[in-house]
Amino acid sequence: MKDESLPIIQIRNCLLVSIQTELHDRLALGLQESLMERVRSADAKGVILDVSAVEVIDSYITRILNDIGKSVRFMGAECYIVGIRPAVAMTLIEMGVELDSVHTALNLDLALEKLELLQS
Amino acid sequence: MKTVETEVGAILAGTISAITQRSIFNRLGGLAARPIQQLTAQDRLAIMAELESSVRLFARRNSAELIASCAQALAGGAAAPGGGNGPGTAGSAGTPGTSGTAGDAAGSTKRLSIDQEKDIATARLEAWSEAVRIGLSKFTSVKVATAVSELARNIIFYGGKGFVELKSTKDDRGPTLQIVASDKGPGIEPRKLEEIWAGTYKSQRGMGKGLVAVKKLVDDFHLDTGPGRGTTVTCLFRGER
């Protein structure tokens, strides 16, 4: 229960987090903090959050993702959300909430490709 | 030690996401942590009833195989002494005594108390499986789960404690699912409520957009709130047809 955190994987100069668990307040804050720390120490150009295992994204989770996107952007990197399910995307549209502080890509591969293009 | 959670979790790994598994085990309550050896025949029935509906709902492939494996694991492998409740009885879904939802055909009501953060995930999963059970489309079911997630979160963030009630009915116009989310918290002041609907309200924790989002998702929406009265949201999802 205590001290749980999400593993951050580094691929070249990108950081990858796969969200496989319920994102509650504390966990989200911890993730934001450790991501920023890692962006700095690894001189990362991109952060990729894989949400393909997340079956429901509500306005609260959206806010968390946007906050992470903003903080990563402040550090000079870009944040990609990958793997949003079709039904989740439709629901977000209907709710009228925006994922405007992050980029999106269909999958990890495409996100890495886009990040590589950014760097050249 | 081999517990229900470790054994069943090992079988479901890779097929059902960790988030969903968590919710399934939450729904099993104390049974999840129970060692396989100590399960009674009745425990096994209760666990299998829960697993059968969840696995069928969430496994993307070969759910029958998974369910059979779970039954086998619960029986403690090969030598299950006494009871004669061998692994083969996995398909005993309709066994009397299996307490599922009350009144399957006409309509049913389920009340879920929302007391702590983990109840949000449980309520979401319950709502989702109820939506699928009564025949709402896949997209609508995700909308139902999202709406319940918003409402349950509001209860935890602002109301403290409360409940979510799922009422399903089916008539010739198709299935409907009514969601009632209620708490006895401070309620919402009229001025704040105006800001919420205008989209200008920003709370410290959420985005203050939960209610607006729910209103956009549902087919029918009613809000009863005021200082000292608590907050009750009643909304409705209608199936197509």
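Predicted model: local features only at pLDDT ≥ 70, side-chain atom pairs only at ≥ 80, totals over all residues.
Chain A first. Its open sheet has 5 strands in the order 1-2-3-4-5, and the pairing is mixed. Strand 1 (9-11) and strand 5 (103-105) of chain A sit at the edges, each pairing on one side only. On average, neighbouring strands of this sheet are turned by 30° against each other, direction ignored. Within the sheet, strand 2 (residues 14-18) of chain A runs parallel to strand 3 (residues 46-50) of chain A, with 5 bridges joining them. One of the facing positions here puts C14(A) opposite G46(A) in strand 3 of chain A.

Helices pack onto this sheet too. Helix 1 of chain A touches strand 1, strand 2 and strand 3 of chain A, and its direction makes about 160° with that of strand 2 of chain A. Helix 2 of chain A lies across strand 3, strand 4 (78-82) and strand 5 of chain A, at about 150° to strand 4 of chain A. Over all chains, the structure holds 16 salt bridges.

Now for chain B. Here, too, there is an open sheet: 5 strands in the order 1-2-3-5-4, with antiparallel pairing. Strand 1 and strand 4 (220-226) of chain B stand at the edges with a single partner strand each, so one side of each has no neighbour in the sheet. From one strand to the next, the twist averages 10°.

Going through the pairs, strand 1 (residues 107-114) and strand 2 (residues 162-171) of chain B are antiparallel over 8 bridges, and R111(B) stands opposite E165(B) in strand 2 of chain B. Strand 2 of chain B also pairs with strand 3 (residues 174-183) of chain B, antiparallel over 10 bridges. A hairpin through 2 residues joins strand 2 to strand 3 of chain B, and V164(B) stands opposite A181(B) in strand 3 of chain B. Strand 4 and strand 5 (residues 230-238) of chain B make an antiparallel pair over 7 bridges, in which G226(B) has G230(B) of strand 5 as its bridge partner. Lying across strand 4 and strand 5 of chain B is helix 8 (residues 210-217) of chain B, which runs at about 150° to strand 4 of chain B.

That leaves the interface. 25 residues of chain A are in contact with 28 residues of chain B. Between them, chain A and chain B bury about 2400 Å², 57% of it on carbon and sulfur atoms. E22(A), E55(A) and V56(A) supply 25% of the area that chain A buries against chain B, more than any other three residues.

As for specific contacts, there are 2 salt bridges between chain A and chain B. D58(A) and R153(B) meet through their side chains in a salt bridge, at 2.9 Å from N to O. The count of residue pairs in polar contact between chain A and chain B is 6. Helix 2 (59-74) and helix 3 (86-95) of chain A each supply at least two residues of the side that touches chain B, and helix 3 of chain A gives the largest share, 7 residues. By class, this side of chain A has 12 nonpolar, 6 polar and 7 charged residues.

Terms used. Residues numbered from 1 in each chain as written. Chains lettered and ligands numbered in written order. Heavy atoms only, no water. Contact = heavy atoms within 4.5 Å. Buried area = accessible area lost by both parts, 1.4 Å probe. Salt bridge = Lys/Arg side-chain N within 4 Å of Asp/Glu carboxyl O. Polar contact = N/O pair within 3.5 Å; in protein donor to acceptor, adjacent residues only side chain to side chain. Helix = DSSP H or I, 4+ residues; strand = E, 2+ residues; numbered from the N terminus. Nonpolar A, V, L, I, M, F, W, Y, C, P; charged D, E, K, R; others polar. Pairing = 2+ DSSP bridges. Axes fitted to C-alpha atoms, helices over the stretch in contact; angles between N-to-C directions.
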